[in-house]
Amino acid sequence: MRLRGGAAIAALVMLSVAGCKTDTTGTGDSGPEATAGGGAGGGAALTAAEALPVKGRAPKTGYSRERFGTAWADTDSNSCDTRDDILKRDLKQVKFSGGNCKVSYGVLESDPYSGKEVVYKRGASLVDIDHLVALSDAWQKGAKYWDASKRIALANDPLNLLTVGASPNRSKGDGDTATWVPPKAYRCTYVAAQVAVKKKYGLWVTSAEKAAMVKVLSTCSKQALPTGGNPTNAPARFHAN
């Protein structure tokens with residue numbers, strides 16, 4: 001599992017602290033929470049889940065994290081790495097270690113996977129950045145056949161990234177919806193986000209995974225489908241092994 005972590009675009013208050021600054025705005029990148037409300041979606045997430053192609057899981061042979069490029073590459077060219085972009089987007093009370101990129105502190109007010117408040121401190125973090133669709137899962141459901149540019153894009157797409165508590169995230173591992181879902185309070189949003197990523201990148205699902213997605217989304221039939229994130233191809237300057 002990759003390190004990662006949270007969930008909500010915050011408006012934060014600006015102030016100076018010794019060697020650190022507190023941010024007042026998020027990055028503007030859409031994450032799964034930003035567009036996945038249960039109100040006016042008209043069942044878009046359920047409809048999209050039902051339309052996902054079904055195939056068997058391909059072998060994991062050949063998978064490595066390096067096939068998706070260097071971790072947290074700055075594919076949106078904003079001079080901040082992807083991990084810090086997502087921390088800045090999802091945490092509150094954010095402080096930086098010089099400049100406005102390197103997040104040194106923040107508070108995940110309600111971890112999507114546990115409901116608890118989690119404090120982030122750089123170097124002693126209790127949060128991860130979760131790939132909602134795990135990279136190894138993606139590899140076995142289509143990504144092994146992509147070019148490197150598309151794999152790098154998936155690994156750094158804000159639509160597929162969420163700040164969460166480290167402990168529950170590591171219990172997820174690289175599971176799909178058939179093997180792991182968060183508590184009910186976040187389940188519909190979580191599954192809708194996985195559907196959105198798989199639809200956007202053309203990934204398939206197993207029959208068990210699709211059944212699990214449909215089962216969850218049938219309990220929240222007006223769940224909207226998240227949109228946005230980065231293009232599905234990374235800039236040409238990025239490479240993967």
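How many of the residues of the chain count as buried? Of its 241 residues, 52% do, where buried means under 20% relative accessible area with a 1.4 Å probe, protein chains only. Keep in mind that this is a predicted model, where local features need pLDDT of at least 70, side-chain atom pairs count only at pLDDT 80 or more, and totals for chains, interfaces and linings use all residues. Residues are numbered from 1 along each chain as its sequence is written, and side-chain values use heavy atoms, with hydrogens and water left out.

**The chain as a whole**
- You'll find eight helices and seven strands here; these are DSSP runs numbered from the N terminus, with helices being H or I of at least four residues and strands E of at least two.
- Take the contacts (heavy atoms within 4.5 Å) with a separation of 6 or more: 77% of them join residues 24 or more positions apart.

**Helix 2 against helix 7**
- Helix 2 (residues 44–51) and helix 7 (residues 184–201) have axes that come within 9 Å and cross at roughly 50°; axes are lines fitted to C-alpha atoms over the stretch in contact, and angles run from 0 to 180 degrees between N-to-C directions.
- That makes helix 2 and helix 7 oblique to each other, since angles under 35 degrees count as roughly parallel, over 145 as roughly antiparallel, 65 to 115 as roughly perpendicular and the rest as oblique.
- On the helix 2 side, Ala 45, Ala 48 and Ala 49 meet Ala 192, Val 195 and Lys 199 of helix 7.
- Sorted by type, the residues of this contact of helix 2 with helix 7 are five nonpolar, no polar and one charged (Ala, Val, Leu, Ile, Met, Phe, Trp, Tyr, Cys and Pro count as nonpolar, Asp, Glu, Lys and Arg as charged, and the others, Gly among them, as polar).

**Helix 7 against helix 8**
- Helix 7 also packs with helix 8 (residues 207–217), at an angle of about 135° and with axes 9 Å apart, so this pair is oblique too.
- Residues making the contact include Cys 188, Val 191 and Val 195 of helix 7, along with Met 213 and Leu 217 of helix 8.
- The contact of helix 7 with helix 8 splits into seven nonpolar, one polar and three charged residues.

**Pro 158**
- Look for Pro 158 in the loop between helix 5 (148–155) and strand 7 (161–165).
- Pro 158 counts as buried because its relative accessibility is 4%.

Conventions
Buried means under 20% relative accessible area, exposed over 50%, partly exposed in between (1.4 Å probe, protein chains only).
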